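Please keep the sequence and the coordinates at hand while reading.

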Amino acid sequence: MRTLDWIVLVSSLISIILYGLYRSRGSSTVERYLLAGRTMPWYAMGLSIMATQASAITFISTTGQSYTDGMRFVQAYFGLPIAMVVVCATVVPAFRHARVYTAYEYLERRFDSKTRALASLIFLAQRGISAGLTIYAPAIVLSVLLGWPERLTTTLMGATVIAYTVLGGIKAVTWSDVQQMGVILLGLIVALVTAFVLMPHSVSIGDAVYLAGAAGRLNAVTTNFDWNDRFNLWSGLIGSTFLFLSYFGCDQSQVQRYLTGKSVSESRLGLLFNAVAKIPMQFFVLFIGAMVFVFYLFSGPPLVFQRAELARIQTSPDYPALEESYQRAVERRRQAALDLARAHRESAANAALVTEYRAAEREVDAARAKAAALVERMGGEKGFSDTNYIFLSFVIRYLPAGLVGLVIAVVFAATMSASSGEINSLATVTVVDLYRRHIRPNASDHHHLLAARWATLFWGVYAVAFAGWGKRLGSLIVAVNVVGSLFYGSLLGCFVIAFALKKVRGTATFIGMIAGEAAIFWTFFHGGISYLWFNVIGCAVVVGTALLVTAIWPEGTKQGAQGRAVS
Amino acid sequence: MQTFRQKFVRNGRYDVQAQDGGTVARPWWLRVPPINLDLPRTQRLCPPHASGVLPESLDTVCPCYTPSMAAPRTLPDDPPPFLGSWRRVYGAVLLYLAALIGVLYLFTQAYR
C-alpha cells in the first residue's frame with residue numbers, strides 16, 4: 001500500500017470509531033448498553049442489520065464465489081423477504097411486547113428455564129464460532145497485503161474490535177454501521193467501475209457481461225432441483241427461508257438489533273428495509289465478482305491467488321510444467337474471449353467460438369485444480385481454496401492509490417462492525433440469560449453492566465481463538481452459513497413451537513431440541529446434502545419430537561392458564 | 001402417574017408441585033434448578049399479579065404481560081406509514097420478491 005492508501009485507511013477507521021463512540025455516550029445502564037435504551041429509528045436499524053450481514057466476508061468471499069462459481073449464490077437470499085414478513089408479523093410484536101432483552105428470555109416465559117438455558121448455550125456455541133470467522137476474514141487482507149501471519153493479524157483485529165465493543169455497546173455498533181453502509185456502497189461502486197475501466201478498450205460493458213454469461217458466471221437463477229446442489233431456486237426459497245427465519249427470529253445478534261427500536265413499527269420497518277434491499281445488494285456484489293472474472297480474462301490471473309501458497313508450490317519440481325500449461329490455457333482463453341467479444345459486437349455467428357471459449361475456460365480451471373492439489377501435496381491445507389483471495393488481489397494490484405485504502409477501510413470497518421455486533425450479542429446472552437438468571441440475580445444494574453463489559457472481553461478473546469479455524473473451511477461466506485445451519489434448525493424449531501403449538505411445553509421442547517441437534521449433525525456428517533436443508537430438517541425433527549413426547553407424556557408438563565408454561 | 005396442581009408464585013410464573021406435597025418425579029437428566037423467585041424482571045409485576053391474584057385473562061397492556069403463542073395477532077398494532085395496513089405492506093414485499101426472481105430468471109436466460 002502507498003502512503004495515500006494508509007492515510008485514507010487510518011483516517012476512515014478512526015473517524016468511524018470516533019463517530020460510533022460519540023453517538024454511544026450515555027450508555028451507563030444495562031438497558032442502554034445492550035439495547036440502546038430502545039430508542040433507535042428504523043433506518044438506523046435497517047442499515048445496521050444490512051451492514052452486519054454485509055461484513056468483510058461479503059466483499060472478500062462473495063466476489064470470489066462469483067468468480068469461481070457464478071452468481072447463483074444470490075439464490076441463497078431468496079428466502080429473506082419471506083422470512084422478514086413472517087418475523088415482522090409474529091416474532092417482532094411478541095418480543096417487543098414481552099419487553100425482553102434476549103430472544104431466549106422469552107423462551108423461559110413461554111416454557112421453562114432449562115429450555116431457555118439450552119437455547120442460550122446453542123446460540124453461544126454457534127455465534128462464538130461465527131464471530132471467529134468474521135474476524136478471520138480481514139486477517140486475510142493483512143496477510144495478503146503485508147505478508148503478516150494470519151494469527152498475528154487476527155489477534156490485532158480482535159483486540160481492536162474488543163476495545164471498541166467494550167467501550168461503545170450496541171449504540172456505537174449501530175451508528176457505526178449506518179456510516180459504514182455508505183462507505184461500503186461507495187467501495188462497491190469504485191471496485192466495479194475500476195474493473196470496467198481496466199478492461200481492454202475493445203471490450204465494451206455489453207461484451208463483458210456477455211463473456212461472463214458465456215462462461216456461466218451470470219447464472220443467477222437455476223431451476224433444477226438437486227439435494228446436493230447448494231444453491232438453486234428451491235433450496236433458496238425453502239431452505240434459506242428457514243435459515244433466515246432462524247437468523248432473524250432466534251439469533252440474538254439480529255434480534256438485539258430490532259429490540260433497540262423505538263416501537264414495533266420502527267422495528268418492522270427496519271427489517272422490511274433489509275428484505276427489500278438485500279437481494280439487489282447481494283446481486284451487485286456478485287456481479288462485481290463476475291466482472292473481476294472478465295477483467296482477468298485479459299490480464300492474466302496468477303495460478304494461485306494466495307501468494308504464500310504460490311511461493312510454496314514454486315519450489316516443487318512439478319511447478320514449471322504446471323505454470324507453463326496454465327499460461328498456455330490462459331492465453332488460449334484470452335484469445336477466445338477477444339474473438340467471442342468481437343463476434344458478439346458484430347452480431348456474427350459464434351457457436352463455435354463459444355465452444356472454444358468454454359473449452360479454454362475448462363482448461364484454465366483444470367490447471368488451477370492441479371495447482372490446488374499441488375498445494376495440498378506440498379504441505380498446504382487440505383481442500384485448499386483461494387476463493388477468498390481473488391477480490392483482494394484485484395484491489396491491491398489494480399486499484400489506484402487512495403482507493404485501495406478506501407476498499408481496505410471498508411473491509412476493516414465492516415468486520416469491526418459485524419464482529420462487535422456478534423460479540424455484543426454473545427455478551428448479552430451470557431449476562432442476561434445465564435449470569436443474571438442463574439448466578440447473580442440480585443446484583444445491581446451497575447454490577448451487571450460491568451459483567452456485560454467483562455463478558456464482551458471474554459467473547460472477543462474466544463472469537464480470536466476460533467478465528468484460526470476459518471482457513472480450513474474454504475469459502476468464508478459459505479462457512480458462516482454452514483456453521484449457522486448446524487445450530488439454527490433446532491433453535492427455529494423451538495421458536496416455532498413457542499409461537500405456534502400451544503399444547504407443547506418445556507420438557508417436550510427441550511427433548512425435541514436435543515433430537516434436532518443430533519439429526520442435524522448426523523445429516524452433516526452422513527447425509528451429503530446442501531447445508532440450507534439442515535434448517536428444515538432440524539426444525540422438523542424438533543417439532544416432530546416435541547409433539548411425540550407431548551402425545552406420549554401429556555401429564556409431564558401441564559400447561560398453565562394464559563399460555564404460561566409450567567416448569 | 002402423579003397428579004399436579006398449579007400454584008401461582010411471586011414472580012408471575014406457575015410452578016408445579018405434587019398433589020400430595022411430595023416431589024415431582026422427573027428423570028435426573030431433566031432436573032433443572034428451580035426458578036429464582038428473586039429474579040429481577042425487566043418489568044415489575046403489576047399489583048394484582050404481584051399479590052398473587054391472577055385474573056382470568058391477562059390484560060395485554062399490562063407491563064408484566066407475557067404474550068402467549070397465539071397472542072401476537074391480538075396485540076395492539078401501530079399502522080404502517082404507507083399502504084394503510086401491515087398486511088398490504090407484507091403483500092407488497094412478497095410481490096416485489098416474485099418480480100425480482102422473474103427479472104433475475106430472465107437475466108440468466110438472456111446471458112446463458
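Chain B of this predicted model contains two helices and two strands. Read from the N terminus, the elements of chain B follow the order β-β-α-α. Of the 112 residues in chain B, 16% are buried. Among the contacts of chain B with a separation of 6 or more, 22% are between residues 24 or more positions apart.

One residue of chain B deserves attention for its backbone. B:L83 is located in the loop that connects α1 (47–50) to α2 of chain B. The phi angle of B:L83 is near 70 degrees, which is a positive value in a residue other than glycine. B:L83 has 13 C-beta neighbours inside 10 Å and therefore counts as partly exposed; the partly exposed class lies between the limit of 12 or fewer for exposed residues and that of 20 or more for buried ones.

Chain A is described next. Its secondary structure comprises 21 helices and zero strands. For chain A the radius of gyration is 24 Å, close to the 24 Å given by the globule rule for 567 residues, so chain A is as compact as a globular protein of that length. The C-alpha trace of chain A spans about 75 × 50 × 45 Å along its principal axes. Of the 567 residues in chain A, 62% are buried. When contacts in chain A between residues at least 6 apart in sequence are considered, 85% of them join residues at least 24 apart.

The domain assignment divides chain A into domain 1 (3–295 + 396–469) and domain 2 (307–385). The C-alpha centres of domain 1 of chain A and domain 2 of chain A are 34 Å apart. Eight residues from domain 1 of chain A and ten residues from domain 2 of chain A take part in the contact. On the side of domain 1 of chain A that touches domain 2 of chain A, the largest share, four residues, is supplied by helix α9 (residues 205–214) of chain A. By class, that side of domain 1 of chain A consists of six nonpolar, one polar and one charged residues.

Is A:T194 buried or exposed? A:T194 counts as buried because 21 C-beta neighbours lie inside 10 Å, where the threshold for burial is 20 or more. A:T194 belongs to helix α8 (residues 150–197) of chain A. Apart from its neighbours within four places in sequence, A:T194 is in contact with A:Y398 and A:L399.

Two packed helices are described by the angle between their axes and the distance between the axes. Helix α12 (residues 264–299) of chain A and helix α2 (residues 86–110) of chain B have axes that come within 11 Å and cross at roughly 10 degrees. This makes α12(A) roughly parallel to α2(B), because angles under 35 degrees fall in that class. In the contact, A:L272, A:A275, A:V276 and A:I279 of α12(A) meet B:V89, B:V93, B:Y96 and B:L100 of α2(B). By class, the residues of the contact of α12(A) with α2(B) are eight nonpolar, no polar and no charged.

Notes
Residues numbered from 1 in each chain as written. Chains lettered and ligands numbered in written order. Predicted model: local features only at pLDDT ≥ 70, side-chain atom pairs only at ≥ 80, totals over all residues. Axes fitted to C-alpha atoms, helices over the stretch in contact; angles between N-to-C directions. Parallel < 35°, antiparallel > 145°, perpendicular 65-115°, else oblique. Contact = placed C-beta atoms within 7 Å. Nonpolar A, V, L, I, M, F, W, Y, C, P; charged D, E, K, R; others polar. Rg over C-alpha atoms; globule rule 2.2 N^0.38 Å. Domains from an automatic or database assignment.
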